[in-house]
Amino acid sequence: MMTDIFASLRGGLFRLRCRLFRPNIQIRKGLKVYKKLRIDGPGMIYIGENCKVCGIRGDHSQYVTIDTHSPDAVITIGDRVSLYAVRISSKFHITIGNNVLVEEAGIVDTDFHSVDKSRGNPVYESKEKCRISIGNNVCIGAKSIVTKGVNVGDGAVVAPGSVVSMSVMPGSLVSGNPAKQTTA
Amino acid sequence: MKNNSIRVIQNLKRWVREPSYGFRLTKGLVRGGFYVIYYRLFRRNVRIRFPFFAYAKVAIIGPGSVSIGRNCHVFENVFRGLTIVTLSRDAVVTIGAGCSLGGLTVRCINSVEIGDKTMSAVSLVQDSFFVNMDEAESTVNRGNAIPPARPLVIGNNVWLGGHSLVLGGSRVGDDCVLAACSVSNGIELKEYSLASGNPVKRALPIQQLLALRK
């Protein structure tokens, strides 16, 4: 109860700070911040109503970080999204729908480096190929990774420990590396 | 009995050669002792057996019951010690004796049983599909149901490799080895086999591996 009140206060303060000092972050009302939230980078970030930012239970070193790596990057987070110790990192475009639960996952829409010897910026990446779009009512389990170019359909469930590198059909349950549909 | 006395004599010899080892052991024993007393006084359903050696932080959170056997050592591994999170009042976590736990995280909603002499690196043993199950169930309100939590049993003398995940419903046999970054989700592993991959497929019997090596 008290933690909820403190989280709402902390979220309200964060919203106020963003409104005053960081015009590239637009957060709607009702944000609750239970554990540290760190937002960095030059891109635009939109966070919807009644979102929740927490750490994962039992692990005090993990918190939520949202990074953008280019001025054109856009991260759009829908309403009633719960982020538990999630790391979101975007160079192009990441969209998260409404009513999503993400636990201890990494959502990264770029490789950051190319595979050739120079290890420079990957030239084969573009917004159309790399954008990540997570639908509504999705649950993503602990210690999973969502990589570039993935479209997670509505109502999908991603098992813990999976590496999602291909798009996920709506309403399916995927697990493994690479994440494939399982019946279990 | 004879093995035990041999080991004690070897330990004593090591104490004499390296006094810092003895000092570390004593420090671990004292810190572990504090944890034992703290949990016995303030959390009646958490029972850690003495002697308990704690070289890193031990965090036992949640309303369920936890029991840890004797002679367990908790090392520091990737900045973590032992973390046990019980997510419901009926959760039961049982860890056997002589375990070497460093960086192990256990998240239990139903029942998790870890055998004796388990060696674990930074691994996650999670019995439920999601840590916040009620929120997950209200989020996915149609279509594919989230698999319910099934009891997780890990046998004796199992080695959980680095960053491995053992998820709900798995039964890991005795003497198994789980390779680094392996994920076993509801999989039954036969005794004395080596499991690797995500998801774990075709565990290799270690007896045959050793024979091949020769």
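**Aromatic pairs and pockets**

Mentor: Over all chains of this predicted model, the count comes to 5 aromatic pairs. One of them joins B:Tyr38 and B:Tyr39, an edge-to-face pair with 5.1 Å centre to centre and 70° between the planes.

Trainee: How is a pair of aromatic rings described?

Mentor: Such a pair is described by two values, the distance of the centres and the angle of the planes. For B:Tyr38 and B:Tyr39 the angle is 70°, and the pair is called edge-to-face because planes over 60 degrees apart fall in that class.

Trainee: What kind of pair do B:Tyr38 and B:Phe42 form?

Mentor: B:Tyr38 and B:Phe42 form a tilted pair, 5.2 Å centre to centre with 45° between the planes. These two residues are 4 residues apart in helix α2 of chain B, so about one helical turn separates them. Together, B:Tyr35, B:Tyr38, B:Tyr39 and B:Phe42 make up one aromatic cluster.

Trainee: Are B:Tyr39 and B:Phe42 buried or exposed?

Mentor: Here one reads the relative accessibility. B:Tyr39 counts as buried because its value is 5%, under the 20% limit. B:Phe42 is exposed, with a relative accessible area of 58%, whereas B:Tyr38, at 43%, counts as partly exposed.

Trainee: Where does the charged end of B:Arg14 sit?

Mentor: A charge may also be placed relative to a ring. The charged end of B:Arg14 sits over the ring of B:Tyr21, 3.8 Å from its centre. In chain A, the charged end of A:Lys36 sits over the ring of A:Tyr63, at 4.6 Å from the ring centre.

Trainee: Which residues does B:Ile61 touch?

Mentor: For contacts, one sets aside residues up to four places away in sequence; B:Ile61 then touches A:Arg57, A:Gly58, B:Arg43, B:Ile84, B:Val85 and B:Thr86. B:Ile61 itself lies in strand β3 of chain B and, at 22% relative accessibility, counts as partly exposed.

Trainee: How many residues line the largest pocket?

Mentor: A pocket is read by its volume and its lining. The largest pocket holds about 580 Å³ of space and is lined by 18 residues. Its lining has 9 nonpolar, 7 polar and 2 charged residues, and the largest share, 6 residues, comes from α1(B).

Trainee: What is the volume of the second largest pocket?

Mentor: The second largest pocket has a volume of about 380 Å³. Its lining has 7 nonpolar, 10 polar and 5 charged residues; among those nearest its centre are A:Lys143 and B:His163.

Notes: Residues are numbered from 1 along each chain as its sequence is written. Chains are lettered from A and ligands numbered from 1 in the order in which they are written. This is a predicted model: local features need pLDDT of at least 70, side-chain atom pairs count only at pLDDT 80 or more; totals for chains, interfaces and linings use all residues. Side-chain values use heavy atoms; hydrogens and water are left out. Buried means under 20% relative accessible area, exposed over 50%, partly exposed in between (1.4 Å probe, protein chains only). Contact means heavy atoms within 4.5 Å. Rings of Phe, Tyr and Trp (its six-membered ring) pair if their centres lie within 6.5 Å; planes under 30 degrees apart count as stacked, over 60 as edge-to-face and the rest as tilted. A charge sits over a ring if NZ of Lys or CZ of Arg is within 6 Å of the ring centre and within 35 degrees of the ring normal. On a 1 Å grid over the protein atoms alone, a cavity is a set of points where a 1.4 Å probe fits but cannot get out, and a pocket is an open set with protein on both sides within 12 Å along at least five of seven lines; lining residues have an atom within 4 Å of a point. Grid points are joined across faces, edges and corners, and a volume is the space filled by probe spheres set on the points. Ala, Val, Leu, Ile, Met, Phe, Trp, Tyr, Cys and Pro count as nonpolar, Asp, Glu, Lys and Arg as charged, and the others, Gly among them, as polar.
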